[in-house]
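Here is a short tour to follow with the viewer open. Keep a selection tool at hand and take the stops in order.

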Amino acid sequence: RRSITFGIANDPFAKFCLVYSALIHDVDHQGVPNAQLSREKDKLAVLYNDTSVAEQHSLKVAFSTLMLPEFAELRRALLPTS
């Protein structure tokens, strides 16, 4: 029986995306549910308009980190511009 991988098995970038998403999941999470952050009018809840607060913050932290100068070579390898 053949395994269905939807092309992921042959796509190095898709594999990276899966690993990266696992690594950044809940990065810098406060340990408080989004609903509680909204009820308390936490600064992140206000910033993200009470929508997927922790998730949006994790993405912001992860991509801000990826944009640091020390990750320039990784960015060039992942996202060649030419």
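**First stop: a histidine and its contacts**

Select His57 and show its surroundings: apart from neighbours within four places in sequence, His57 is in contact with Asp28, Leu44 and Tyr48, where contact means heavy atoms within 4.5 Å. You are looking at a predicted model, in which local features need pLDDT of at least 70, side-chain atom pairs count only at pLDDT 80 or more, and totals for chains, interfaces and linings use all residues. Residues are numbered from 1 along each chain as its sequence is written, and side-chain values use heavy atoms, with hydrogens and water left out.

His57 sits in helix α4. Is His57 buried or exposed? With a relative accessible area of 11%, His57 is buried; the classes are buried under 20% relative accessible area, exposed over 50% and partly exposed in between, with a 1.4 Å probe and protein chains only.

**Two positive phi values**

Now move to Asp28, one of the contacts of His57. Asp28 belongs to the loop between α1 and α2 (34–39). What is its phi? It is positive, about 60°, although Asp28 is not a glycine.

Next, pick Ser52, in the loop between α3 (43–47) and α4. Here too phi is positive in a residue other than glycine, with a value near 45°. Ser52 counts as partly exposed, because its relative accessibility is 38%.

**Along helix α4: Ala62**

Go on to Ala62, which also lies in helix α4. At 7% relative accessibility, Ala62 counts as buried. Which residues does Ala62 touch, not counting those up to four places away in sequence? They are Tyr20, Ile24 and Val27.

**The aromatic cluster**

Select Phe13, Phe16, Tyr20 and Phe63 together, and you have one aromatic cluster. The structure holds three aromatic pairs; rings of Phe, Tyr and Trp (its six-membered ring) pair if their centres lie within 6.5 Å, and planes under 30 degrees apart count as stacked, over 60 as edge-to-face and the rest as tilted. Zoom in on Tyr20 and Phe63: this pair is edge-to-face, at 5.7 Å centre to centre and 65° between the planes. Tyr20 is in helix α1 (residues 12–24) and Phe63 in helix α4 (residues 53–66), so the pair ties together parts that are 43 residues apart in sequence. Tyr20 counts as buried at 15% relative accessibility, while Phe63, at 42%, counts as partly exposed.

**Last stop: the whole chain**

Zoom out and colour by secondary structure. The chain has five helices and zero strands, with helices (H or I, at least four residues) and strands (E, at least two) taken as DSSP runs numbered from the N terminus. The C-alpha atoms fill a box of roughly 50 × 40 × 20 Å along the principal axes. Of the 82 residues, 21% count as buried. Among contacts between residues at least 6 apart in sequence, 37% join residues at least 24 apart.

Finally, colour by charge. How many positive and negative side chains are there? There are 9 positive and 9 negative, and the centres of the two sets lie 7 Å apart. Lys and Arg count as positive, Asp and Glu as negative, and His and the chain ends are not counted; each charge is placed at NZ of Lys, CZ of Arg, CG of Asp or CD of Glu.
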